[in-house]
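Open the model in your viewer and colour it by chain. This tour stays at the place where two chains meet.

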Amino acid sequence: MLRVYDTELRSRLMLGTSRYPSPAVLAEAVKASRARVVTVSLRRESSGERAGQGFWSLVRDLGVRVLPNTAGCHSVKEAVTTAQMAREVFGTSWIKLEVIGEDDTLHPDVFGLVEAARILSGEGFEVFPYTTEDLVVADKLLVAGCRVLMPWGAPIGSGRGLNNVFGLKALRAHFPDVPLVIDAGIGVPSHAAQAMELGFDAVLINTAVAQAANPVRMAEAFAQAVEAGRAARKAGPMEPRDLAVPSTPVIGTAILR
Amino acid sequence: MKILVNGTWCETTATYLASALEELGYGGSTVATALNGEFVPAISRCAAPLAEGDRLEILAPMQGG
C-alpha cells in the first residue's frame, strides 16, 4: 500500500477535479477511478453565486482526501499565503505546492519552490512539491522537509506522457525510498502504466480524464492501467535487447531442406 | 470607506474584517481571507481592522488539478 506522510492510500491514482463537463460527471469519474485523493484549489468567491460552496459540498460527499494546490502562484509569497488559506478552508496540512516560473510551459520555478517548501514545512505543512526530474532540486526539496516528490511527466495539460524517461529513471534510482508521484503531462492510460512500470509510486491525472470524450470510462481505464503497471513493476519486467532472440526452442527444429 | 474586494472596489461601513464579510454577503460561507496579501485566520477576523483602500481577498474551494 502506498504510504505518504504517514497516511496509507489504497489507490495509486490521484485525480484532479478541474475541467469536467459537469459536477455530476466529475463525481462519477472520481468513483470510476477508485482514487482516494483528489486535488482542489482556492479561487475568488462571489457572494452572489457562491460557486465554491456547492463544489465543496460535492467533494465532501465523495468521501476522499483532498490535496489542495497552489496553482497559479508565481512567487514564494503567493504560494505560502495560498497554502495557509487552503489549510484553514480544507482542514488539511497537505499542500500540493506549485510555484510557476514560466507561463507557456508552466515550468516550475524550482528556486522559489525549494524556498516555499522550506517555509511551509517549517509551519507544519506536509508538502507535495510539483517539480521537475532534476536530481539536485529533488535533493534540496527533501532537505527542505518534503517527504514526497511530484515530478512532471510533461507540461501540465499537454498529454505528452513522459518526456524525459531517462531523467525520470535516474530520479527513481537515485531516491529509491522516497514516494514519487508523476504529476502532469500524462495523456493516455499507457503513459500511466509506463510510469508505474518505471517504479513510480503513483500518478496524478486531471485533463486526460476530464477532457476525454467519456471521462467516466477514461477514469476506469486509468485505474486499470495504474494497477497493471504496478503489477508489472512488481513482477520484474525483462530487459530490452537490441537483437532478436527466438522465443520458440531452436533445439528440435526439423530439417526440411 | 472603499476597499478592494476580490479586485472590485466596494463601499463598506464595516470597520473590522468579520463584519465586512457579513455585510458583503459571505456570512456562513466556507471561505479563507487575506488582507493586503497577508492571510487572516477566521479566528482573527474580529480583531482585524479595515482601512480605506485595503485589499481583501475572499477565496473558496474550487476545482483544481
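This is a predicted model: local features need pLDDT of at least 70, side-chain atom pairs count only at pLDDT 80 or more; totals for chains, interfaces and linings use all residues.

Next, select three strands of chain B: S3 (32–35), S4 (38–40) and S5 (55–63). Each supplies at least two residues of the side that touches chain A. Which strand gives the most to that side? S5(B) does, with seven residues. Now colour this side of chain B by class. You will find 13 nonpolar, eleven polar and three charged residues.

To see how they line up, pick A:Val40: B:Gln63 in S5(B) stands opposite.

Turn to charge. Three salt bridges are found across the interface of chain B and chain A. For one of them, show the side chains of A:Arg44 and B:Glu57. They meet at 2.7 Å, N to O.

Now zoom out to the whole contact. Here, 28 residues of chain A are in contact with 27 residues of chain B. The area buried between the two chains is about 2400 Å². Carbon and sulfur atoms give 55% of that area.

Where does chain B lose the most area to chain A? Select B:Pro61, B:Met62 and B:Gly65. Together they account for 26% of what the chain B side buries.

Key: Residues are numbered from 1 along each chain as its sequence is written. Chains are lettered from A and ligands numbered from 1 in the order in which they are written. Side-chain values use heavy atoms; hydrogens and water are left out. Contact means heavy atoms within 4.5 Å. Buried area is the accessible area (1.4 Å probe) that two parts lose on being put together, summed over both. A salt bridge is a side-chain nitrogen of Lys or Arg within 4 Å of a carboxyl oxygen of Asp or Glu. Helices (H or I, at least four residues) and strands (E, at least two) are DSSP runs, numbered from the N terminus. Ala, Val, Leu, Ile, Met, Phe, Trp, Tyr, Cys and Pro count as nonpolar, Asp, Glu, Lys and Arg as charged, and the others, Gly among them, as polar. Two strands pair if DSSP finds at least two bridges between them.
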